[in-house]
Amino acid sequence: MYKLRTRLILLITGSTIFSIVLVSLITNITLFNKFNIYMMDEQESRIKELIQLIENSYSINNRWTQEAYNNIRLSPLMMEFDVTIKDVNGKIVFRHYMVQEMAEMHKNMMKEMGRSMGGMNPNNMMDHENGKYVTRSYTLTSNGKIIGTAQIGYIGPFLVTERAIEFTRGINSSIAYAAIISILVAIILGIQSSKVISEPILKIADAANSIRKGELNTKININNKVQELQVLSNSINHLARSLSEQEALRKRLTSDISHELRTPLTILQSHIEAISDGVWEPTPERLDVCKNEVMRLIKLVEQLRHLTDIENDDIKLNIEKFSMTELLNEIVDSFEYQIMSKGIKLKRQIKDNVFIEGDRDKVSQVIINIISNAVKYTDSGGFIRVELEEDMGHVYVSIQDSGIGIPKEDLPYIFERFYRSDKSRSRKTGGAGIGLTIAKTLVKAHKGDIAVESEEGKGTKFVVKLPKIYY
């Protein structure tokens with residue numbers, strides 16, 4: 001199993017080497033094919049010059065003479081070719097053989113050129129036989145009339161010179177040097193790139209292992225401009241922070257549950273022991289106290305069971321179309337006496353003829369829970385405002401109070417079960433601290449949303465958003 005950094009270096013270097021080899025191969029093939037075409041054109045040009053030389057030599061005396069033969073024989077072009085000249089009657093009037101050294105040199109050059117081109121056939125794209133003897137016949141003319149034929153032989157497909165060999169060597173050397181330099185650069189870049197990528201990932205992996213071991217205060221700081229790595233490190237930091245908050249919340253919930261259970265159980269224990277020891281008489285009043293505490297425990301257990309069913313998606317909604325206007329007015333009317341008797345001013349702004357599809361009882365439970373909290377935490381002289389609005393697809397129920405408000409640091413957790421921003425109010429105001437948890441879960445079941453705005457000492461505002469049509 002390779003480390004990430006090793007894999008990155010091998011991947012980058014391997015990809016670069018493959019690309020260099022591929023580019024070198026394509027360049028080699030393309031360039032030398034063009035070179036072959038160029039050399040073929042040069043060969044044709046020399047043959048044309050030789051034919052023109054023969055015709056011009058004939059034109060000196062307008063016949064085949066020794067002077068014409070000498071002129072032809074002394075030309076440097078003759079070193080590269082075998083030349084046989086026939087007159088119009090087919091009689092051989094001139095014959096010349098290429099210099100033997102030239103033929104041997106040509107063969108050696110062709111072999112050398114093949115090595116210079118990386119073992120490739122230097123004429124692999126041509127329809128000629130490489131290194132074979134080629135004979136071609138040409139008609140000779142002078143002043144518009146045929147004066148004979150010339151048979152020219154040479155080692156095909158073209159003559160390779162020392163300059164051509166040097167040219168091919170230079171090209172292949174350049175490609176080789178470029179390839180070596182590119183590979184070295186690729187290795188250096190691979191090492192550097194792998195370092196840039198692997199180091200932050202290793203830090204993130206170490207942080208994840210620390211979090212797994214319970215070190216929830218772990219935080220990653222990486223100096224890296226790669227966006228994905230920044231997002232990943234921020235996610236790990238957020239995860240650590242969330243787990244730390246959840247751990248603190250879990251401990252607080254454990255304490256709250258213990259508190260909720262301990263208080264009624266303590267009351268029951270003290271009353272039962274006093275009655276059992278004969279200290280108290282079992283009067284109806286004292287038995288009622290015990291009964292009320294038992295009912296509180298039963299209510300708490302029922303709420304927990306109900307919340308568990310909801311969170312396990314075991315909730316069944318009875319979807320029907322109903323008037324949200326009518327439901328909200330009924331709920332506000334039921335709280336009106338309690339609100340007025342506490343000296344709180346009630347304000348309502350409920351739009352007429354607003355209808356939605358949903359479970360009327362579950363929606364009612366949500367609204368009742370929020371208004372009940374508003375009444376609990378609003379003192380005399382304050383106000384409670386209930387509003388109902390709508391747009392094309394949703395209805396909005398807003399419940400605002402001028403009560404004690406919620407501290408800013410507690411706002412993210414108010415929908416958590418058993419969470420209360422002020423434990424000291426728990427016995428005064430009652431409740432187990434799971435009403436808002438149930439409310440949010442019921443709203444989510446309706447494909448809606450619930451939001452809260454609050455400022456400590458100035459009041460709280462809940463906004464319930466529900467779709468008009470349940471999908």
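Student: Which residues do ring pairs link into a cluster?

Tutor: Ring pairs link Y58, W64, Y69 and F94. Rings of Phe, Tyr and Trp (its six-membered ring) pair if their centres lie within 6.5 Å. A note on the source: this is a predicted model, where local features need pLDDT of at least 70, side-chain atom pairs count only at pLDDT 80 or more, and totals for chains, interfaces and linings use all residues. Residues are numbered from 1 along each chain as its sequence is written, and side-chain values use heavy atoms, with hydrogens and water left out.

Student: How many aromatic pairs does a search of the whole structure find?

Tutor: The search finds 4.

Student: Why is the pair of F81 and Y154 called edge-to-face?

Tutor: Planes under 30 degrees apart count as stacked, over 60 as edge-to-face and the rest as tilted. The planes of F81 and Y154 are at 85 degrees and the centres 5.9 Å apart, so the pair is edge-to-face.

Student: What makes this pair a tie between parts of the chain?

Tutor: F81 lies in the loop between α2 (66-73) and β1 (82-86), and Y154 in strand β4 (residues 145-155), so the pair ties together parts 73 residues apart in sequence. Helices (H or I, at least four residues) and strands (E, at least two) are DSSP runs, numbered from the N terminus.

Student: Are F81 and Y154 buried or exposed?

Tutor: Both are buried. Buried means under 20% relative accessible area, exposed over 50%, partly exposed in between (1.4 Å probe, protein chains only). Of the 471 residues in the chain, 39% are buried.

Student: What makes K347 a charge over the ring of F383?

Tutor: The rule asks for NZ of Lys or CZ of Arg within 6 Å of the ring centre and within 35 degrees of the ring normal. The charged end of K347 sits 4.5 Å from the centre of the F383 ring. K321 also lies over a ring face, that of F355, at 5.8 Å from the centre.

Student: How do you know that β9 and β11 pair?

Tutor: Two strands pair if DSSP finds at least two bridges between them. Strands β9 (residues 394-401) and β11 (residues 459-467) have 8 bridges, in the antiparallel sense. Y396 stands opposite K465 in β11.

Student: Which strand do 7 bridges join to β11?

Tutor: That is β10 (residues 449-455), again antiparallel. Here the bridge partner of D449 is K465. β10 and β11 form a hairpin with 3 residues between them. G457 in the turn has a positive phi of about 85 degrees.
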